[in-house]
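This report covers the sheet, the helices packed on it and the salt bridges of one model.

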Amino acid sequence: MKLKNIDQLHEFLAIVDKCKGDVYLTSQYGDKYNLKSKLSQYIAVAALLGDHGDELELWCDDKEDEAILLEYMLKNKDII
């Protein structure tokens, strides 16, 4: 899923924290940010807010986590 316009970062990261498995953001350049890591979250947030924020894709290791994130995105359709 490609992301853009994440205005509610705290809410988004709270949803990520609820996920059981790892959740990643990847860039078109091959960068991979594990959003379960607080350090990676800082770097990923900077990427989301930077010039290439609309070129990041979201990936999950766990199928149940996909459902959690899809539900969040359906409620916030402006981010996809």
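## Sheet

Strand β1 (residues 23–26) runs antiparallel to β3, and four bridges join the two. Strands (E, at least two residues) and helices (H or I, at least four) are DSSP runs, numbered from the N terminus. Thr 26 has Glu 57 as its bridge partner in β3. The model is predicted: local features need pLDDT of at least 70 and side-chain atom pairs pLDDT 80 or more, while totals for chains, interfaces and linings use all residues. Residues are numbered from 1 along each chain as its sequence is written, and side-chain values use heavy atoms, without hydrogens and water.

The open sheet has three strands in the order β2-β1-β3, with antiparallel pairing; two strands pair if DSSP finds at least two bridges between them. At the edges are β2 (32–34) and β3 (57–60), each pairing on one side only.

## Helices on the sheet

Helix α2 (residues 38–49) packs on the sheet and touches β1 and β2, contact meaning heavy atoms within 4.5 Å. The direction of α2 makes about 130° with that of β2. Axes are lines fitted to C-alpha atoms, for helices over the stretch in contact, with angles from 0 to 180 degrees between N-to-C directions. Helix α3 (residues 63–75) lies across β1 and β3, at about 145° to β3.

## Salt bridges

There are four salt bridges (side-chain nitrogen of Lys or Arg within 4 Å of a carboxyl oxygen of Asp or Glu). One of them joins Lys 38 and Asp 17 at 3.2 Å, N to O. Lys 38 is in helix α2 and Asp 17 in helix α1 (residues 9–18), 21 residues apart.
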